[in-house]
Amino acid sequence: MILEAVYLLPAAVWTGSMTYSLAVVQPRSARFFRDDDQLEEFLTVLAHGNRWRVLAMAATLIASAAALIVVCPWPGARVVYGIALVLDAAATGVFVHVSWRHWPARVFALREERPDFRRRLLMSARTIWSLVGAGFVLALVASVVRR
């Protein structure tokens, strides 16, 4: 079903980009930039403009999961997409908090406050990754199993 692909593609992109960020970008940038001010500037430039792209992916996930709940003929898949919808909505909530609360506060944080902001951001990123990844895996399994 095309609607399943509409769900699975942004779920895979969001999960994959979070995996790359957590496994490669964040650890390597922390090792590369010895100066804390340069690291913060780099991370801010890297994040700039991504908010709306991520929100578009989140909206696509939520809308397509909701549509799949309505149109999917298999009751088990409707349950799975319902769970995925809840997971994606929770991930979106964490992302909104990070985007509109965490980052503005982080930009104006004192140097000694930055490690705590980085720790909290890492926890939020892992939470988003876990939620979206779980929704993606559930939806993928549901899509394959019912074939």
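Q: Is alanine 125 buried or exposed in this predicted model?
A: A residue counts as buried under 20% relative accessible area and as exposed over 50%. Alanine 125 has a relative accessible area of 8%, so the residue is buried.

Q: In which helix is alanine 125 found?
A: The chain has 5 helices and 0 strands. Helix 5 covers residues 114–145. Alanine 125 is found in helix 5.

Q: Which residues is alanine 125 in contact with, leaving aside its neighbours within four places in sequence?
A: Contact here means heavy atoms within 4.5 Å. With the neighbours within four places set aside, alanine 125 is in contact with Met18 and Leu22. Helix 1 and helix 5 meet through a list of residues that includes Met18 and Leu22 in helix 1 and Ala125 in helix 5. The contacts asked for are Met18 and Leu22.

Q: How many Å apart in space are alanine 125 and alanine 30, C-alpha to C-alpha?
A: In sequence, alanine 125 and alanine 30 are 95 residues apart. In space, their C-alpha atoms are separated by 16 Å.

Q: At what angle do the axes of helix 1 and helix 5 cross?
A: Helix 1 spans residues 2–32, and helix 5 spans residues 114–145. Their axes come within 9 Å. The crossing is left-handed. The angle is roughly 145°.

Q: Why does serine 124 count as buried?
A: Serine 124 is found in helix 5. The limit for a buried residue is under 20% relative accessible area. Serine 124 counts as buried because its relative accessibility is 16%.

Q: Which residues does serine 124 touch, not counting those up to four places away in sequence?
A: Serine 124 lies in helix 5. Once residues up to four places away are left out, serine 124 touches Val94 and Val98.

Q: What share of the residues of the chain count as buried?
A: Serine 124 is one of the buried residues, and alanine 125 is another. The chain has 147 residues, and the buried share is 36%.

Q: How many Å apart are the mean positions of the positive and negative charges of the chain?
A: The chain has 16 positive and 10 negative charges. The mean positions of these two sets are apart by 9 Å.

Key:
Residues numbered from 1 in each chain as written. Predicted model: local features only at pLDDT ≥ 70, side-chain atom pairs only at ≥ 80, totals over all residues. Heavy atoms only, no water. Helix = DSSP H or I, 4+ residues; strand = E, 2+ residues; numbered from the N terminus. Buried < 20%, exposed > 50% of the residue type's maximum accessible area, 1.4 Å probe, protein only. Lys, Arg positive; Asp, Glu negative; His and termini not counted. Charge placed at Lys NZ, Arg CZ, Asp CG, Glu CD. Axes fitted to C-alpha atoms, helices over the stretch in contact; angles between N-to-C directions. Left-handed = near helix turned anticlockwise from the far one by under 90°.
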